[in-house]
Amino acid sequence: MAALTEEQSMVRDQAKSWATEQAPIGAFRKMRDSDNAERFEPQTWQSMVEMGWTGILVPEAFGGSDLGFLTFGVVLEELGRQLTASPLLASGLVGTSAILLGGNDAQQQALLPRLVDGSEILTLAVDEGPRHEPREVALAATAKDGGYVLSGDKTFVLEGMAATSFVVAARTSGTAGDAKGITLFVVPAGSAGLARKAIATMDNRGYASVSFDAVTLGADAVLGRVDDGFELLEQVLDRGRAGLGAEMIGTSSQAFDMTLEYLKTREQFGRVIGSFQALGHRAAELFSSIELARSCAEGALQTLDAGGDADTVAQMSSLSKCRVGDCLHRMSNQLIQIHGGIGMTDEFDAGFYLKRARALEATFGNRAYHRDRYATQLGF
Amino acid sequence: MSQDQQLDGFRDSTRKWVAANLPEGLKGKVLGMEGETETSLGADLQTWRALLAGKGWGAPTWPTQFGGGGLSHPEAKVISQEIAKAGGFNPIPLLTGMGTTMVGPTVLEYGTDDQKERHLPGIASGEVRWCLGLSEPNAGSDLASLATKATDEGDAFVLNGSKIWTSGADISQWCGAVVRTDNNAKKRDGISFVMLPMAQEGVSTKPIKLISGSSPFCETFFDDARADKADLLGDLNDGWSVVKRLLQHERQSQTSGSREANTDKETLADTAKRYVGEDSEGRLADADLRVRLANHLMDAKAHSLTVGRITAEARGNVEVSAAASILKNSATDVTQTRSELLLELMGSQGLGWEGDKFSEDELEHVRQWLWGKAISIYGGSAEVQKNIISKNILGLPETTQKG
Ligand SMILES: Cc1cc2nc3c(=O)[nH]c(=O)nc-3n(C[C@H](O)[C@H](O)[C@H](O)COP(=O)(O)OP(=O)(O)OC[C@H]3O[C@@H](n4cnc5c(N)ncnc54)[C@H](O)[C@@H]3O)c2cc1C
């Protein structure tokens, strides 16, 4: 854990006790077995709003607390430990960052207070195919009557079923693959021509496919600059990636703690299995890799808090997403392996962590994506 | 003034001092096991050493009364950063063998006032080189099974037995050795830590040649060698606590990662491009190597971020920490992987041993690569570090000791 300020420690303690008492893994199981369409409990979201988490990044003038990214990270880490389902990352971090970075005065005034009070759930619609590749945006935004008409499809939109509006990456010029020609729009979920459909994923979260059939928007729907939205999009994504890094550290740490507990209690051959050196060494390696990955996750958040330039933020976010991703990948597999047969049962929680791990790894770019991006950033 | 401002001020004055005093002839050079020698660096080296010693910068964090600089750890870091930025190096740690990193800190903790006064100033000034006689032919990772015997002969212990892998034994003036002082006690309870001068009749050394071609370490034979009682470090038969602490200091000193020495050398990525070439989009031509290089650079970054994080968490109080085993292993991985990548990307130019078909850098890399294999063996092998992590940090059962 980074050297936290007193305030950050308080937020962490609050998040830890709330998550373990009010939104633990058992609550996730209940939700999974229910027919809840949004894939999170409204009460959970309400509590988060009340605790002020939706305002962590937002200036006080708009009702937030402006505590910064590391603070957001300590909350996400605790939620990642319990697999607490909510739109906090998708809306409180990603959607909110889009408005903070790209919104004009009118947009900020209209949206930020509502994002903080939880009445607005704003989530990013970027991917169109099975692999994350923001340059490949093809969804067309055609200029018409001083406004725009959006046509095309988005997929794997986080919390897409609960969203009240979307930040949509669309193409105003150029062709798929060009960085130039991408524009971001804020699109209310109730717009005529917009339809969404839940995607049933193994991690049981609220992903949706969203289709745009000639959705008509005014010019005031544009977020940031026309045709130059790619940089803004990347900055928003990098904040999301850094947040995911924190959540993934939480998920890895919990998986490790469960495994360590089992190593100390499960007996075979007349002794606890943790006394076998092969497993002791594996535990040592897993623990070390989490420690190293944690430094990357916290480093990315601290870079954001320090106001690092876009390139540095991009490098650190890719480092975090890739390194924490590697660590979580391995940890989630070993969680099952070291638990033996019990790890394979639905009744035990290990499977939830494994399934969630893969979804987290893939969101906003998998390990290979960020390794490639990191190498490109370093010029080779 | 805030701490940061004070440190900035210290950095400024250090930079100016280094600029004014670092001899031209030392710039871009390093005194190393495989690099330049004391003779090749000549009088410049002695001048620079004496100047640093005058400020107590051979051991910046030690008390001034024992020849140290009386400075904080952040200040010590500033000194090494500024010296490195100027293209120089601090020769004192290198000239004292195991003195500044291991013997000194342990004497500071366990030594009597008399021992501190006699031994520390010579280390801090870089004038006395120390070696460590720990390992024996039959006591490596299982150091506590050591057999070198010390008998009490009034005001001295008389030592008989042999040590192995003693780095720098043939060029050191003093040796810290673990010896058995009680044969009847359990193996960890009958060990003592003594210090003895190497220039005496009962001590002889025989260099061992390494795979990298050099002979930095020796077999050391004790044949009625004498260690004064006044040089017993810690209590009689409590040498195991002393050596455990000493090894923690060793681990701590090995956590920093690859010795990225001079600032003007090209990056690993640039070296890779120079040998391997690039595609039309500026990517390294060998896609597989590119992936592994990226992974390595990420690991190196993760390592240095972790060193920084652990220092920040300790809030400046950089005591020997439990995390040292994690850092020792990750530093080892980073250094060894870097060497392997360098060797691989140089292709057949990475296979040279000597001769003008190869550049000096290429030959140096080969030796460094070979030498680097030792890092996961000494100071507690990589496996032993994992034992330590699983037992001391994670609280898993002991897997090594019987009973
Ligand atoms: C370059 C270099 C410099 C050195 N300098 C010094 C010096 O100055 N002074 C000094 O006293 N010594 C020195 N050493 C010795 C070093 O401390 C020993 O080599 C080290 O302790 C390992 O002992 P060993 O070589 O006998 O290997 P062994 O202990 O025989 O180990 C062989 C293999 O078995 C593994 N192993 C052993 N025990 C366990 C276990 N419990 N669990 C899992 N695996 C295990 C080891 O990891 C290793 O892979 C130096 C060594 C090197 C390479």
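Reply: Start with one pair. A:Asp203 and A:Arg356 form a salt bridge, with 2.7 Å between the closest N and O atoms.

Me: Why is the pair A:Asp203 and A:Arg356 called a salt bridge?

Reply: The term asks for a side-chain nitrogen of Lys or Arg within 4 Å of a carboxyl oxygen of Asp or Glu. Here the N and O atoms of A:Arg356 and A:Asp203 are 2.7 Å apart, so the pair qualifies. One salt bridge is counted between domain 2 of chain A and domain 3 of chain A. The side of domain 2 of chain A that touches domain 3 of chain A has eleven nonpolar, two polar and five charged residues. In these classes, Ala, Val, Leu, Ile, Met, Phe, Trp, Tyr, Cys and Pro are nonpolar; Asp, Glu, Lys and Arg are charged; the others, Gly among them, are polar.

Me: What should I know about the model and its numbering?

Reply: The model is predicted: local features need pLDDT of at least 70 and side-chain atom pairs pLDDT 80 or more, while totals for chains, interfaces and linings use all residues. Residues are numbered from 1 along each chain as its sequence is written, chains are lettered from A and ligands numbered from 1 in the order written, and side-chain values use heavy atoms, without hydrogens and water.

Me: Where do the domains of chain A run?

Reply: The assignment gives domain 1 (6-119), domain 2 (123-227) and domain 3 (230-377). Such bounds come from an automatic or database domain assignment. The C-alpha centres of domain 2 of chain A and domain 3 of chain A are 29 Å apart.

Me: How do you know that domain 2 of chain A and domain 3 of chain A are in contact?

Reply: Contact means heavy atoms within 4.5 Å. By that rule, 18 residues of domain 2 of chain A are in contact with 16 residues of domain 3 of chain A.

Me: What makes up the area buried between chain B and chain A?

Reply: Buried area is the accessible area (1.4 Å probe) that two parts lose on being put together, summed over both. For chain B and chain A it is about 3100 Å², with 67% on carbon and sulfur atoms. On the chain B side, B:Met298, B:Arg309 and B:Leu394 supply 22% of the buried area, more than any other three residues.

Me: Why does the pair B:Arg309 and A:Glu291 count as a salt bridge?

Reply: Their side chains meet at 3.0 Å, N to O, which is within the 4 Å limit, so the pair counts. Across the interface of chain B and chain A there are four salt bridges.

Me: Which helix gives the most to the side of chain B that touches chain A?

Reply: That is α9(B), with 16 residues. Helices here are DSSP runs (H or I, at least four residues), numbered from the N terminus.

Me: Why is the ligand site called shared?

Reply: Residues from chains A and B surround the ligand, so the site is shared between chains. The site has 19 residues, and the closest include B:Ser135 and B:Trp165. Each residue that counts has a heavy atom within 4 Å of the ligand.

Notes:
Helix = DSSP H or I, 4+ residues; strand = E, 2+ residues; numbered from the N terminus.
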